[in-house]
Amino acid sequence: MTHKQRIDLIERFIREHQYADLRTLAEKFAGSLSTVRRALDHLETCGIVRRHHGGASLVEADAVAQEYDFIARNQRHPEEKFAIASLIAAQVQPGMTVILDGGSTTFAVARLLADKRLQVITNSLPVAGFFGEIGSVETIVTGGSIYSRLGVLVGPMCEQSFEQTHADLAILGGAGITESGIWNHNTLIVAAQRKMIAAAERTIFALDNSKFGRKALSLTTPFDPRFTIVTDVRPTPAVVKAIHASGAKLTLTGKRPA
């Protein structure tokens, strides 16, 4: 098989399935992982696919996500967000039931979960749209009213949906973190996040260093022993002390729990 033939077959496969991981492509088209990566690099250069850690998705399949403001936030601190997302994704085991909210770093986590067999519960339309194109993830979308700027469902129906569910893990974002806890801008989003926390055995907050010391409209939650805060830089001593005093865990990318 020539390199051109392999590229054509990989393109055809991704157009049909919307997403493919590296190992599947290597096994299906008799190539090494490095050969597949080169093929995906070529397809990404042509604007056909978008590379992700461990695979690639069809650019057209990402169109729904591009309509929402929060995707623009992925252009901010991309390396930090990818490092945080990678660390969180590694903690998600096949067979888990996972709640995902509508944060930009949470969306980055979702991309890294595409090849795992999971049950995902989300109020995020972009997350739901992404997983809807991928067969390996069973996706449950809450009810609620659309908060269009972020593409998330909120309100009483959304909150009731989480009251009736149970998850192994919730992965959430936030607008800020101080010694008081985690903050967010919108009271409806805060209310939904509180229900997500209550529905999950444990919760991971994905927060890059731009959130340090920032308060928003509402305190989503104080720190709790069931929480893990994943970030890229050690917060201020006051925040670190508050996290440890609560029994929560603080994990820095590339390092052991802090």
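The protein chain folds into eleven helices and 15 strands (DSSP runs, with helices being H or I of at least four residues and strands E of at least two, numbered from the N terminus). This is a predicted model, so to speak: local features need pLDDT of at least 70, side-chain atom pairs count only at pLDDT 80 or more, and totals for chains, interfaces and linings use all residues. Residues are numbered from 1 along each chain as its sequence is written, and side-chain values use heavy atoms, with hydrogens and water left out.

Of the 258 residues in the protein chain, 53% are buried (under 20% relative accessible area, with exposed over 50% and partly exposed in between, using a 1.4 Å probe and protein chains only). Now for the contacts (heavy atoms within 4.5 Å). Looking at those with a separation of 6 or more, 57% link residues 24 or more positions apart.

Two helix pairs are worth a look. Two packed helices are described by the angle between their axes and the distance between the axes. Helix α1 (residues 3–17) and helix α3 (residues 33–45) have axes that come within 10 Å and cross at roughly 70° (axes are lines fitted to C-alpha atoms over the stretch in contact, and angles run from 0 to 180 degrees between N-to-C directions). That makes α1 roughly perpendicular to α3 (65 to 115 degrees; under 35 is roughly parallel, over 145 roughly antiparallel and the rest oblique). On the α1 side sit H3, R6, I7, I10, E11 and I14, which meet T35, V36, A39, L40, H42 and L43 of α3.

The other pair is α7 (residues 104–112) and α8 (residues 125–132), whose axes also come within 10 Å but cross at roughly 10°. These two are therefore roughly parallel to each other. F107, A110 and R111 of α7 touch P126, V127, F130 and F131 of α8.

Leaving aside neighbours within four places in sequence, F131 is in contact with L100, A110, L113, A114, V120, V137 and T139.
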